Amino acid sequence: MATNGVPMPRSPLARILTDKKGDGICHDDSGKAVRAQTIDELHSLQKKRSAPTTPLEGAQGVFATLSEDERQRQQLQSISASLASLTRGTGPKLVRGDPAAKSAQAVSHVAHHHHVEAPTISVSDSSLKFTHVLYNLSSAELYELAIKYEKGSFITSSGALATMSGAKTGRSPRDKRVVIDETTQDELWWGKGSPNIEMDEHTFMVNRERAVDYLNSLDKVFVNDQFLNWDPQNRIKVRIVSARAYHSLFMHNMCIRPTLEELENFGTPDFTIYNAGQFPCNRYTHYMTSSTSIDLNLARREMVILGTQYAGEMKKGLFGVMHYLMPKRQILSLHSGCNMGKDGDVALFFGLSGTGKTTLSTDHNRFLIGDDEHCWSDNGVSNIEGGCYAKCIDLSREKEPDIWNAIKFGTVLENVVFDEYTREVDYGEKSVTENTRAAYPIEYIPNAKIPCVAPHPKNVILLACDAFGVLPPVSKLSLAQTMYHFISGYTALVAGTEDGIKEPTATFSACFGAAFIMLHPTKYAAMLAEKMQKHGATGWLVNTGWSGGSYGTGNRIKLAYTRKIIDAIHSGSLLNATYEKTEVFGLEIPTEIEGVPSELLRPENTWDDKHAYKNTLSKLACLFKNNFETFTNYKIGKGNKLTEDILAAGPNF
């Protein structure tokens, strides 16, 4: 403002102060100057020490009184022993942290305080280097390392980490081997129909040495120390050593995440995976049939992965280990989904791909215990895993809202295709593979029960998508029938249309997971029947496939009807229904279920051509009998009575 054209001196603006005190006037709340001379020092002030978290409360560790230096020294000593070369008798020189984040002086300082050298037998260039251990990193740290070092890693629009598994986008069952020795020769299931392909101890050690040498040659390796099985009395300690941040994040999600106290008291793992999947096996090595090899040594409690970066090999490899270890404790390992009602009634869901296992076990009115792997012990049912591994092909918010919403920060997306600019995933795109997957912690599902344990099941539901259209929508099974259909693991899907064939194709997978079981299927079936009898569980066979004819003639049973059937099983009302017995398969079927058309319950009533129905029924019965010939010569216990009872529960012409 001016007076008579002469400008007045400007008054300084009042300082804006924010610290309110008792006089009601704002005062300056600025703190002391930050004591940092470099950007790195400034960034170091951002990092606040915190513990890993898990919903399961852990007890105070016995090493809690140790200094941080001593605790890390013992931890590195344990990891060095795991990575020791058995040929040369040495382990790598280990230090903590990402080499790119440390100056040479810092590395020297850390190595001086934390490294414990193994005795050196022979000297090579590898003994002059340090291998940096990235130990039980958080999701955020693994995101940073994946994006920084691994080509093909991106953050999608939902916050998930999209990665590529390389040339292998699924498991390689023909390249999986199990060491045969004096113990496993008698214990495991070998021969026709078995997933267990043998290898000897020497060949395993050759591949182990190749994997360990590869991991030791790297500047950094990722180490996860985690648990399997939410039952605290029967949990297994596992260590996963890998070369990729993606693999570390995958197992961080899929295994049970320990607390800081549990890590301090972790000790020696019960099982160790060496994932050197970026490096091939030597195809001239005995037993090798390709550059991929997944090797399991149950005596050493070790698994070696060469020549495949598909993360599912680790998950399913550990599942196989649980199929071996748990039955030794009289605990039944199961490839199943599991949920629990608000009144504590528990149901197990078995079913192969396409049968609706995920859809039917995911129920907003019930708690999710787990989607894939469980144990049934004297304590009840417990989930083996700490996460879910969901198929993503054709995923939509409308059909699978829980899975859709779980794909957020922390989730690993495998082999999906996304928009280059928006980073929105196209779940219908199959250009990389149809086997697109999402791995996320189970607590990402809103109705998941944490910890993932439940009482003994009341219902055991076997799902089959029968494209032949002759199985009833629901049948109540006797114990012997439950064992028979559990061992059979049946579903029938439509064959591929490339050559014009549209006939249904029967698929049988023992125990609904033949690729992962270690013992003879009849052993698991006998344990299942024993537990069902002891705890009063009822077996059910539910057909989610066709009615009124085979595929092409009949129609798929409506999901709404199947849900009504499942609801009647959960509520217990179906136990009180009136039942009739079918011919050939001898199945008990209800005459009436609320909300389901009565004519649908008896398959022959829905077929116009009764002669065609009988022919198709006989055809399916023959397929069952032919499949079961693999199991007829196996005896359970001293006598053969149980085996005979199971055979008698099959189709009868």
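**Notebook: sheets, helices and ring pairs**

I began with helix 2 (residues 68–82), which lies across strand 5, strand 6 (130–135), strand 11 (220–228), strand 12 (236–242) and strand 13 (271–276) and runs at about 135° to strand 5. Helix 6 (residues 201–217) also packs on the sheet, and I found it touching strands that include strand 9, strand 10, strand 14 (293–297) and strand 15 (302–306). Its direction makes about 65° with that of strand 15. Contact here means heavy atoms within 4.5 Å. Axes are lines fitted to C-alpha atoms, for helices over the stretch in contact, and angles run from 0 to 180 degrees between N-to-C directions.

Notes on the source: this is a predicted model, in which local features need pLDDT of at least 70 and side-chain atom pairs count only at pLDDT 80 or more, while totals for chains, interfaces and linings use all residues. Residues are numbered from 1 along each chain as its sequence is written, and side-chain values use heavy atoms, with hydrogens and water left out.

I read the strand order as 5-6-11-12-13-15-14-9-10, an open sheet with mixed pairing. Strand 5 (93–96) and strand 10 (198–199) are the edges, each pairing on one side only. Strands pair if DSSP finds at least two bridges between them. Helices (H or I, at least four residues) and strands (E, at least two) are DSSP runs, numbered from the N terminus.

I then looked at strand 13. Its pairing with strand 12 is parallel over five bridges, with Val238 opposite Phe271. Its pairing with strand 15 is also parallel, over five bridges, and Ile273 has Met303 as bridge partner. Six of the six residues of strand 13 are buried, so the strand is largely enclosed by the rest of the structure. Buried means under 20% relative accessible area, exposed over 50%, and partly exposed in between (1.4 Å probe, protein chains only). In a regular strand, side chains alternate between the two faces of the sheet. I listed Phe271, Ile273 and Asn275 on one side of strand 13, and Thr272, Tyr274 and Ala276 on the other.

**Ring pairs**

I counted 20 aromatic pairs. The rule takes rings of Phe, Tyr and Trp (its six-membered ring) with centres within 6.5 Å; planes under 30 degrees apart are stacked, over 60 edge-to-face, and the rest tilted.

Phe227 and Phe266 make a tilted pair, 5.6 Å centre to centre with 40° between the planes. Phe227 is in strand 11 and Phe266 in the loop between helix 8 (260–264) and strand 13, 39 residues apart. Phe227 counts as buried at 3% relative accessibility, and Phe266 at 2%.

The rings of Phe319 and Phe516 have centres 5.8 Å apart and planes at 45°, so this pair is tilted. Phe319 lies in helix 9 (residues 312–328) and Phe516 in the loop between strand 31 (504–508) and helix 13, 197 residues apart. Both residues are buried.

**Helix 13**

I checked the length of helix 13 (residues 521–535): at 1.5 Å a residue its 15 residues should span 21 Å, and the end C-alpha atoms are 21 Å apart, which agrees. The expected span is 1.5 Å times one less than the number of residues. Its buried residues include Pro521, Tyr524, Leu528 and Met532. Gly536 follows the helix, with a positive phi near 70°.
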